[in-house]
Amino acid sequence: MTAADMAIETIHHEMTAFARRARASAGRLHPELSLVSYTLLGHLEESGGCRATDLAAHYALDKSTVSRQVSALEAAELIERRSDAQDQRVQVLHLTPAGREILAQVTASRRVAFRERLAGWPEDDLRQFAGYLRRYNASGGGPTVTALAND
C-alpha cells in the first residue's frame, strides 16, 4: 500500500467516525431533531423553501426517504406546505416559526460544540482545515449524504 493509499484509508476512517459522531450528537443537541431533520431544515432555510423532490435531488436521496422525513417534520409542526405562487398545483415546503426556532437553537449549540472542540487549534490550522473541507466537498459534484439515508 502506498503512502497515498494509506492516507486515503485514514481519511475514510476519520470521516466515518465524524459522521457517526455527528449523528450521535444530533440527538443530544435536540432529542426530536435527527441529523437528517437538521440538514433538511437548514436547506429549507437557506433556499427559502423548496419542493420535496428538490430536497431529494439536492441530497441524492430516494424520494421515499425524503417523504418520511418531511412527514415527520410536518407532524412535529416544524415545516408546512404552501402552494407555489407560480403554479398552484406545486407544494413548497417552508419552515414554520417553531422550525426556525429549533433550527436556530440547534445551530447555536453546534457552533458552541465546534468552537469547544477546535479551541486549541491555531487560526492558520482552522483556515486550512476549512479550505480542505470546502475543496473536498466541491470536488464531489454535490452533497453526498449516504449516511443520512439510513436515518
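These legends describe close-up views of one predicted model.

The model is predicted: local features need pLDDT of at least 70, side-chain atom pairs count only at pLDDT 80 or more, and totals for chains, interfaces and linings use all residues. Residues are numbered from 1 along each chain as its sequence is written, and side-chain values use heavy atoms, with hydrogens and water left out.

**Figure 1. The chain as a whole.**
The chain has 7 helices and 2 strands. Helices (H or I, at least four residues) and strands (E, at least two) are DSSP runs, numbered from the N terminus. Along the sequence the pattern reads α-α-α-α-β-β-α-α-α. Of the 151 residues, 28% count as buried. Buried means under 20% relative accessible area, exposed over 50%, and partly exposed in between (1.4 Å probe, protein chains only). Among contacts with a separation of 6 or more, 52% come from residues 24 or more positions apart. A contact means heavy atoms within 4.5 Å.

**Figure 2. Helix α2 against helix α5.**
Two packed helices are described by the angle between their axes and the distance between the axes. Here α2 spans residues 35–47 and α5 spans residues 97–117. Their axes come within 10 Å and cross at roughly 110°. That makes α2 roughly perpendicular to α5. The crossing is left-handed. On the α2 side, the contact is made by L35, Y38, L41, G42 and E45. On the α5 side, G99, R100, L103, V106, T107 and R110 take part. By class, this contact has 5 nonpolar, 3 polar and 3 charged residues.
Axes are lines fitted to C-alpha atoms, for helices over the stretch in contact, and angles run from 0 to 180 degrees between N-to-C directions. Angles under 35 degrees count as roughly parallel, over 145 as roughly antiparallel, 65 to 115 as roughly perpendicular and the rest as oblique. A crossing is left-handed if the near helix is turned anticlockwise from the far one by less than a right angle, and right-handed if clockwise. Ala, Val, Leu, Ile, Met, Phe, Trp, Tyr, Cys and Pro count as nonpolar, Asp, Glu, Lys and Arg as charged, and the others, Gly among them, as polar.

A104 lies in helix α5. At 45% relative accessibility, A104 counts as partly exposed. The C-alpha atoms of A104 and G42 are separated by 9.3 Å. Along the chain, these two residues are 62 residues apart. G42 is one of the α2 residues that make the contact with α5.

**Figure 3. Helix α2 against helix α3.**
Helix α3 covers residues 52–59. It packs with α2 at an angle of about 110°, the axes being 11 Å apart. The two helices are therefore roughly perpendicular to each other. α2 passes α3 in a right-handed crossing. T39, L40, H43 and L44 of α2 make the contact with L55, H58 and Y59 of α3. This contact has 4 nonpolar, 3 polar and no charged residues.

**Figure 4. T39 within α2.**
T39 is found in helix α2. Its relative accessibility is 18%, so T39 counts as buried. The T39 side chain reaches the backbone oxygen of L35 at 2.8 Å. T39 also belongs to the α2 residues in contact with α3.

The axes of α3 and α4 come within 9 Å and cross at roughly 125°. The pair is therefore oblique. α3 passes α4 in a right-handed crossing. A52, T53, L55 and A56 in α3 meet K63, V66 and V70 in α4. These residues divide into 5 nonpolar, 1 polar and 1 charged.
A56 is buried, at 6% relative accessibility. Leaving aside neighbours within four places in sequence, A56 is in contact with L61, D62, K63 and V66. The C-alpha atoms of A56 and S67, 11 residues apart along the chain, are separated by 8.8 Å.

**Figure 5. Two loop residues with positive phi.**
Most residues other than glycine have a negative phi. A60 has a positive phi of about 55° although it is not a glycine. A60 sits in the loop between α3 and α4 (63–75). A60 is exposed, at 64% relative accessibility. E77, also not a glycine, has a positive phi of about 60°. E77 is found in the loop between α4 and β1 (79–83). With a relative accessible area of 57%, E77 is exposed.

Definitions and conventions
Polar contact = N/O pair within 3.5 Å; in protein donor to acceptor, adjacent residues only side chain to side chain.
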